[in-house]
Amino acid sequence: MEEFESKIMVEVARGDLSAFREIVERYRIPLMSFVSKFVGDKTMSEDIAQEVFLRVFKAAKDYKPKAKFKTWLFKIATNYCLNEIRTNKNRPQFIDIFELNEAGFVAVAPDVYSPGKRFDNKELGDILRKAIAGLPEKQRTALLLQKYAGFSYEEISHIMGCSVSAVESLIQRARQNLKKALLPYL
Amino acid sequence: MDCNHTRKKLSAYLDDELSFKDRELIEKHLASCPACSAERKGLLLISSLMDGIENEDISPFFTHKAVSSATADLRSRYKRHFLKPALAGFGILMVLLLGITELRPPATIETIRHEYLRDFGDFPPESFSDLYISSIKGAGR
């Protein structure tokens, strides 16, 4: 698999568009899954994923076959997502569920939460999306790379440039924060 | 292993990121601690809810759009690397040619006449043409 991708990237570096198409076809679903949960906005996430693939095309010459291609791709994606979120001032503002919980506002929001109301999977999914988007950047990055891109803690540590134990701690805190945020709905 | 340590390691335990020995220690603690066991269930629930989040639909033109962007990038690279230097080279060549032409001494009627008649200098001696050209050359002096 890795050898195949290394060969394909050599072709991409030469400007072979059919090889590039192969890379896009292979990785568009996991990349979109990661990016959409990271930024929490469909239109923005598709634009970001497009830009990530273009960056892969432009930087194909710099790709070293000894590095795992998927790790390299998601490193580009993570950096780009973080950059976009920091610089895009017009992005939709997410409700900070953590702050709402702490302030006790969640229980009085009638359209979202009412005692005894049963939440279906779609509603819970939407609430969870918002909670994920509200997580601190590093916790969100580590959790999403593990959950939706299928990376091991060690691979995540390479992507994020931190230790494995730091990744372990980030993922643990991310899950605890999500649990706290969703507690009123469960 | 105490509760505090177990809770710090719970996610790694659920993600199968622990050594065999640590895993055994966690399992032993979970079997005897209802609070940590409940914490484990809570984290498992979050994990399964995350599994249930539907993926966004990807535009059917996604791949086409990505390849089009790459094509545009290739074109701009071509312009940058080949076309622009080629045009610059052509421009320099034209300037040099114009410069050379401008540097040549201006042609006089006499020099034009001399160059023209030089091409007609190989007629057989004493032939009519030779005599005619000689007379013209002589007239010019």
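This is a predicted model: local features need pLDDT of at least 70, side-chain atom pairs count only at pLDDT 80 or more; totals for chains, interfaces and linings use all residues.
How are H2(A) and H4(A) oriented relative to each other?

## Chain A as a whole

Chain A contains nine helices and zero strands. Read from the N terminus, its elements follow the order α-α-α-α-α-α-α-α-α. The chain has 186 residues, and 38% of them count as buried. Among contacts in chain A with a separation of 6 or more, 70% are between residues 24 or more positions apart.

Two domains are assigned in chain A: domain 1 covers 2–87 and domain 2 covers 97–185. Between them, 11 residues of domain 1 are in contact with 13 residues of domain 2. On the domain 1 side of this contact, H2 and helix H4 (69–87) each supply at least two residues. That side has five nonpolar, four polar and two charged residues.

## The pair H2 and H4 in chain A

Two packed helices are described by the angle between their axes and the distance between the axes. For H2(A) and H4(A), the axes come within 11 Å and cross at roughly 30°. Angles under 35 degrees count as roughly parallel, and H2(A) and H4(A) are therefore roughly parallel to each other. The crossing of H2(A) past H4(A) is right-handed.

From H2(A), the residues making the contact are A:Tyr27, A:Leu31, A:Phe34, A:Val35, A:Phe38 and A:Val39. From H4(A), they are A:Leu73, A:Phe74, A:Ala77, A:Cys81, A:Glu84 and A:Ile85. By class, this contact has 11 nonpolar residues, no polar residues and one charged residue.

## Where chain A meets chain B

How many residues does each chain bring to the contact? Chain A gives 35 residues and chain B gives 28 residues. On the side of chain A, at least two residues each come from helix H2 (17–39), helix H3 (42–58), helix H6 (121–133), helix H7 (137–147) and helix H9 (164–182). The largest share of this side, 10 residues, comes from H2(A). Sorted by class, the side of chain A that touches chain B has 14 nonpolar, 10 polar and 11 charged residues.

## Chain B and its residue Cys36

Chain B is also divided into domains, with domain 1 at 3–51 and domain 2 at 109–140. The centres of domain 1 and domain 2 of chain B, taken over C-alpha atoms, are separated by 112 Å.

B:Cys36 lies in helix H3 (residues 34–52) of chain B. Is B:Cys36 buried or exposed? A residue is buried if 20 or more other C-beta atoms lie within 10 Å of its own; B:Cys36 has 21 and is therefore buried. Apart from neighbours within four places in sequence, B:Cys36 is in contact with B:Cys3, B:Thr6, B:Arg7, B:His29 and B:Leu30. B:Leu10 is 26 residues away along the chain, and its C-alpha atom is separated from that of B:Cys36 by 8.8 Å.

Most residues other than glycine have a negative phi, and most peptide bonds are trans. In chain B, B:Asp16 has a positive phi, near 60°, and B:Glu126 has a positive phi, near 70°.

B:Asp16 is in the loop between helix H1 (3–14) and helix H2 (20–32) of chain B. B:Glu126 is in the loop between helix H5 (109–118) and helix H6 (128–140) of chain B. B:Asp16 counts as exposed because it has 8 C-beta neighbours inside 10 Å. B:Glu126 also has 8 C-beta neighbours inside 10 Å, so B:Glu126 counts as exposed.

Conventions
Residues are numbered from 1 along each chain as its sequence is written. Chains are lettered from A and ligands numbered from 1 in the order in which they are written. Two residues are in contact if their C-beta atoms, placed from the backbone, lie within 7 Å. Helices (H or I, at least four residues) and strands (E, at least two) are DSSP runs, numbered from the N terminus. Ala, Val, Leu, Ile, Met, Phe, Trp, Tyr, Cys and Pro count as nonpolar, Asp, Glu, Lys and Arg as charged, and the others, Gly among them, as polar. A residue is buried if 20 or more other C-beta atoms lie within 10 Å of its own, exposed if 12 or fewer, and partly exposed in between; C-beta atoms are placed from the backbone. Domain bounds come from an automatic or database domain assignment. Axes are lines fitted to C-alpha atoms, for helices over the stretch in contact, and angles run from 0 to 180 degrees between N-to-C directions. Angles under 35 degrees count as roughly parallel, over 145 as roughly antiparallel, 65 to 115 as roughly perpendicular and the rest as oblique. A crossing is left-handed if the near helix is turned anticlockwise from the far one by less than a right angle, and right-handed if clockwise.
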